[in-house]
Amino acid sequence: MVSKPILQLMAVFMVSMLIISANAVFAESQELEETDKWLEWARIAWGYFEPGIGVGSKSGIPRASFYWARVTDWDLGGYIIAIIYGELMGIIPREGDWGANDRLEKVLRFLETRKLTPYRLPAVLYSSETGEPETDKITNVSDSGRLLIALHMLKRYRPDLADRI
């Protein structure tokens, strides 16, 4: 026969487990609500990358800001990262017009074919509509660094594109 203190201990343990379980379910429910809110905000923010708003509708190149139709390597890096996470979060599909593949293709084609400065380095600014350099000034190391980090992330996320990166 089990002693009374052991039964009490077992009862306390079982009640504790029920309370912990109930709290875990409640916390998970709150987490899901919070996740849903963040996803909704991400979808709203993604609206900036719609063609003709924050991305050139013909070039597929992002704008540095809504009021400035120029792009730097920093902006290109940010856009690549946004495409990766937009796809991962289910905000954009991989396939189709303006899906992740289409957007990445436009960015990579731009990087492969963009005109360089007389110093054979990327310009600091390009038109997001035409892809033409806006100046002969070379890009800066922080902008280049962000682009290189984004390209590294892309290479790890999409090894099929490694030959182009």
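A salt bridge here is a side-chain nitrogen of Lys or Arg within 4 Å of a carboxyl oxygen of Asp or Glu. The model is predicted, so local features need pLDDT of at least 70 and side-chain atom pairs pLDDT 80 or more, while totals for chains, interfaces and linings use all residues. Residues are numbered from 1 along each chain as its sequence is written, and side-chain values use heavy atoms, without hydrogens and water.

Start by selecting Glu112 and Arg164: they form a salt bridge, with the closest N and O atoms 2.9 Å apart. Glu112 lies in helix 3 and Arg164 in the segment after helix 4, so the pair ties together parts 52 residues apart in sequence. Between Arg164 and Glu105, the closest N and O atoms are 2.5 Å apart.

Next, pick Glu134 and Arg70, another salt bridge, at 3.0 Å between the closest N and O atoms. Glu134 sits in the loop between strand 2 (126–127) and helix 4, and Arg70 in strand 1 (residues 70–71), so this pair links parts 64 residues apart in sequence.

Finally, move to helix 4. Its buried residues (under 20% relative accessible area, 1.4 Å probe, protein chains only; exposed is over 50%) are Asp143, Leu147, Ala150, Leu151 and Leu154. Turn to the face away from that buried side to find the exposed Val141, Leu148, Ile149 and Arg156.

How values were computed
Helices (H or I, at least four residues) and strands (E, at least two) are DSSP runs, numbered from the N terminus.
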